[in-house]
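Hi,

Here is the model I promised to pass on. Have a look at it first, and then read on for what I found.

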Amino acid sequence: MSESYDRGLVADFGRWTEFSAGMWAWVFHKFTGWVLVGYLFTHISVLSTSLQGAQVYNSTLSGLESLAIVRLLEVGLLAVAVFHILNGIRLLFVDLGVGLEAQDKSFYASLVLTGVIVVASVPTFLTGAF
Amino acid sequence: MAKRYSSFRSGSTTWLLQRLTAGFLVVVLAFHFFNLHFVNHAYNIDFAGSQVRMQSLGYYVTMVLFLVTATFHGVNGVYNALVNQGIEGNAKRAAQLVLGVAGVLLIVQGIRVANALAGF
């Protein structure tokens with residue numbers, strides 16, 4: 001059986017040094033969630049150039065992909081998405097009461113696996129960027 | 001006893017829908033990233049390729065469901081994060097209205113994009 005958290009501990013950022021693994025997981029999940037929902041609106045905006053025809057769509061996408069900063073931001077987006085997915089799976093298990101005792105270890109595992117996947121994906125994402 | 005950290009009131013309808021959409025999104029977001037960054041590289045994406053994918057009914061339906069569930073999951077997540085920070089009264093109603101309208105507009109625009117790419 002779990003118990004509700006004391007939001008004061010989380011909300012008071014000045015006490016971040018006292019955060020436990022579960023609190024960091026909550027903060028990271030919230031941060032990555034905000035980034036992903038912001039990106040969703042941006043993504044649909046960019047893809048909306050398809051409404052103006054193939055030429056505008058192609059020139060917009062190729063123009064963005066030619067920018068090194070966009071390629072780097074895509075690596076950042078991958079990191080954010082992978083962590084949100086892995087920690088989301090962890091949260092689904094925690095909500096089902098599975099692995100609650102190891103929830104700190106599964107958070108660390110999510111972080112490490114995110115790092116490994118992102119580093120391994122860098123060559124694919126940055127091909128021709130520089 | 002382990003503490004449970006969440007912005008949601010456990011057991012509520014939005015809590016359940018957030019989990020159900022999460023289960024779907026975990027699979028489809030991973031597929032989307034893999035398909036458009038590793039199978040097809042983002043720097044090679046063009047209208048013709050997008051059109052071929054979108055003209056497959058299964059892909060089109062999956063992408064529309066992806067749009068709807070991701071929008072709900074994101075907007076609902078933001079709303080619950082704001083409620084969790086303590087907004088109430090007019091601020092809470094304004095958040096419901098703004099996020100609700102933004103979500104509907106995003107879905108409508110996303111479907112317009114899907115239709116344009118599919119050639120509908």
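To start with chain A: how many helices and how many strands are there in chain A? There are five helices and one strand, though do keep in mind that this is a predicted model. Going from the N terminus, the order in chain A is β-α-α-α-α-α. Chain A is more spread out than a compact globule, because its radius of gyration is 19 Å, well over the 14 Å that the globule rule gives for 130 residues. Taken along the principal axes, the C-alpha atoms of chain A fill a box of roughly 55 × 30 × 30 Å. Of the 130 residues in chain A, 26% are buried. If you look at the contacts in chain A between residues at least 6 apart in sequence, 69% of them join residues at least 24 apart.

One helix of chain A to look at is H2(A). This helix has 27 residues and reaches 38 Å from its first C-alpha to its last, close to the 39 Å expected at 1.5 Å a residue. Several of its residues are buried, among them A:Gly22, A:Trp26, A:His29, A:Gly33 and A:Leu47.

Now for chain B. Here you will find four helices and one strand, running β-α-α-α-α from the N terminus on. Chain B has a radius of gyration of 17 Å, whereas a compact globule of 120 residues would have one near 14 Å. Its C-alpha trace spans about 50 × 35 × 25 Å along the principal axes, and buried residues make up 22% of the 120 residues.

UniProt, in an unreviewed entry, places the feature "transmembrane region" at residues 20–39, 59–82 and 94–114 of chain B. In the model, residues 59–82 of chain B are 100% helix, and the end C-alpha atoms of that span lie 34 Å apart. Residues 94–114 of chain B are also 100% helix, with the end C-alpha atoms 30 Å apart.

Finally, how do the two chains meet? In the model, 39 residues of chain A are in contact with 33 residues of chain B. On the chain A side, strand E1 (3–4) and helices H2 (21–47), H3 (54–65), H4 (68–95) and H5 (103–126) each supply at least two residues. The largest share of that side, twelve residues, comes from H2(A). By class, the side of chain A that touches chain B has 21 nonpolar, twelve polar and six charged residues.

Cheers

How values were computed
Residues are numbered from 1 along each chain as its sequence is written. Chains are lettered from A and ligands numbered from 1 in the order in which they are written. This is a predicted model: local features need pLDDT of at least 70, side-chain atom pairs count only at pLDDT 80 or more; totals for chains, interfaces and linings use all residues. Two residues are in contact if their C-beta atoms, placed from the backbone, lie within 7 Å. Ala, Val, Leu, Ile, Met, Phe, Trp, Tyr, Cys and Pro count as nonpolar, Asp, Glu, Lys and Arg as charged, and the others, Gly among them, as polar. UniProt positions are given in the numbering used here, feature names are shortened, and annotations may be inferred rather than shown by experiment. The expected span of a helix is 1.5 Å times one less than its number of residues. A residue is buried if 20 or more other C-beta atoms lie within 10 Å of its own, exposed if 12 or fewer, and partly exposed in between; C-beta atoms are placed from the backbone. The radius of gyration is taken over C-alpha atoms; the globule rule is 2.2 Å times the number of residues to the power 0.38.
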